[in-house]
Amino acid sequence: MRLTTLRLQNFRNHAESFFEFGNNANLILGENGQGKTNILEAISYLCLTKSFYASSDAVVLRLGTEFFEQEGTFVSESGNENKVRVAYDKQQTQKAYFINKKSVEPFSTVIGKFPVVICSPEHNPITSGGPEERRRFADFVISQASSVYLKSLMEYRRVIKQRNKILLDARIGNMNPSGLLESWDEQLLQHGATLTHRRKLFVDGFKNILHSSYHELVGSEEEPQIEYSPFAESFSSEDDCRRLLKTLLVQNRKEELRVGSTLIGPHRDEFVFTVNGLDLRKYGSQGQHKTFLVGLKLGEFFYLKNLCNETPLLLLDDIFSELDERRSKRLLDFVGTISQTFITSTSVKWFEPFVEFNHTNRKFFIKNGSVVPEEEVIVA
Ligand SMILES: Nc1ncnc2c1ncn2[C@@H]1O[C@H](COP(=O)(O)OP(=O)(O)O)[C@@H](O)[C@H]1O
Ligand SMILES: [Mg+2]
């Protein structure tokens, strides 16, 4: 899949910007704070209906304006063209999403249609932060490839919220909530087992992909690994997982009442990352963290490419300043060949020796929220 055009209106600091992208590498250059990342954020709106990092639509609305809009043209591998438009109105505090002028709802049905992989400093916590960061990563990847998973995930979150409320109310009121919990327990078992089983399958398949992606960057002197650590040591099927979950739920009922929240289930899972057998979080160098993150993101790319039948877009935000020259060169050689890529950087120095700019590899210079001619921008 390719994004051939993009128009932004009142999006972050872009009053009105228009791009015709090349099929391979698209380099977005400029000094800090000029609006480069904002362009990647706008692409994520088109692909995912939302920002990859802002928590609300209102904050991306250009200050002092009443509405924002992004419009893009996607061309699929089979040559189908889709015009996608996202529009937000401040008065109505509402967003609308259109594919070929037809309004799409709910937004969750868009997920997976326009696969995208984003690697940005916003994602650093995936390797360095708490377990919820790794769960979010896994959920996001699996959801783009599986609508069943996404549905179960949304249901499961609702169940945990309701169940926690009942447990907390019961603790405060000193009541027995068994009757109230019954139907929520059933749903917790159903969706909890689906999520856990599918996360396990995901990690089983992802291990090899991570391996080869990581080795694209560093050769074979470092061995990356990902291990899934759910509530039960092992289970053979979704049914088996459900049975184990049920047993643990019964065993933990007293403790849940004491603390007033749900203690067992995939919302407490961990994914452990190691390099050469050592826990990355405890022992990894900064370079290993960054390499692992890029390895995960390239892994995500290949995973989605296999399952979505479309090659995802690859958005790399400020990656090259944090990798050493050898890893940068390997990454650039590699991504140039696998997909349409959007790369932001303050410096053109990583790219000039390796990239020949023409109609498939393009560079855009950004200053103060506008695309400007090269000579207006000082880039090292
Ligand atoms: N809602 C908004 N309205 C106007 N400007 C904004 C808005 N949100 C962020 N900005 C501006 O966008 C700029 C940051 O853009 P960004 O794309 O992150 O820069 P960079 O080029 O460093 O990636 C800052 O100057 C910031 O003030
Ligand atoms: Mg930036």
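**Reading contacts, burial and a ligand site**

A: Let us begin with a single contact in this predicted model: the side chains of Gln9 and Arg7 are joined by a polar contact of 3.2 Å.

Q: In which strand is Gln9 found, and is Gln9 buried or exposed?

A: Gln9 belongs to strand S1, which covers residues 2–11. To judge burial, one compares the relative accessible area with a cut-off: buried means under 20%. Gln9 has a relative accessible area of 19%, so Gln9 counts as buried.

Q: Which network of salt bridges includes Arg7?

A: The general idea comes first: side chains of opposite charge can pair when their charged atoms come close. In this structure, a network of salt bridges links Arg7, Glu16, Glu69, Glu71 and Arg85.

Q: How many salt bridges are there by this rule?

A: The count comes to 30 salt bridges.

Q: Where do Lys165 and Asp169 lie in the chain?

A: Both residues are in helix H4, which comprises residues 147–173. They are four residues apart, so about one helical turn separates them.

Q: Which residue forms a salt bridge with Arg242?

A: The partner of Arg242 is Glu186, and the closest N and O atoms of this salt bridge are 2.8 Å apart. This pair links distant parts of the chain, for Arg242 is in helix H6 (residues 238–251) and Glu186 is in helix H5 (residues 178–218), 56 residues apart. Arg242 counts as partly exposed at 29% relative accessibility, and Glu186 counts as partly exposed at 40%.

Q: What does the salt bridge of Lys207 and Glu227 look like?

A: The side chains of Lys207 and Glu227 meet at 3.4 Å, N to O. Lys207 lies in helix H5 and Glu227 in strand S9 (residues 224–229), so this pair ties together parts that are 20 residues apart in sequence. Lys207 is partly exposed, its relative accessible area being 21%; Glu227 is partly exposed as well, with a value of 37%.

Q: Which backbone atoms lie beside oxygen or nitrogen atoms of ligand 1?

A: A polar backbone atom of Gly33 is 2.7 Å from an oxygen atom of ligand 1. A backbone N or O atom of Gly35 lies 3.0 Å from an oxygen atom of the ligand. For Leu61, a backbone N or O atom lies 2.8 Å from a nitrogen atom of ligand 1. On its own, ligand 1 has 580 Å² of accessible area, of which the protein covers 70%.

Q: Finally, what can be said of the chain as a whole, and how many helices and strands does it have?

A: The secondary structure comprises 10 helices and 15 strands. Of the 380 residues, 53% count as buried. The C-alpha trace spans about 70 × 55 × 40 Å along its principal axes. A compact globule with 380 residues would have a radius of gyration near 21 Å, and the chain, at 23 Å, agrees with this.

Technical notes. Residues numbered from 1 in each chain as written. Chains lettered and ligands numbered in written order. Predicted model: local features only at pLDDT ≥ 70, side-chain atom pairs only at ≥ 80, totals over all residues. Heavy atoms only, no water. Polar contact = N/O pair within 3.5 Å; in protein donor to acceptor, adjacent residues only side chain to side chain. Areas by Shrake-Rupley, 256 points an atom, 1.4 Å probe, with all protein chains shown as cover. Salt bridge = Lys/Arg side-chain N within 4 Å of Asp/Glu carboxyl O. Helix = DSSP H or I, 4+ residues; strand = E, 2+ residues; numbered from the N terminus. Buried < 20%, exposed > 50% of the residue type's maximum accessible area, 1.4 Å probe, protein only. Rg over C-alpha atoms; globule rule 2.2 N^0.38 Å.
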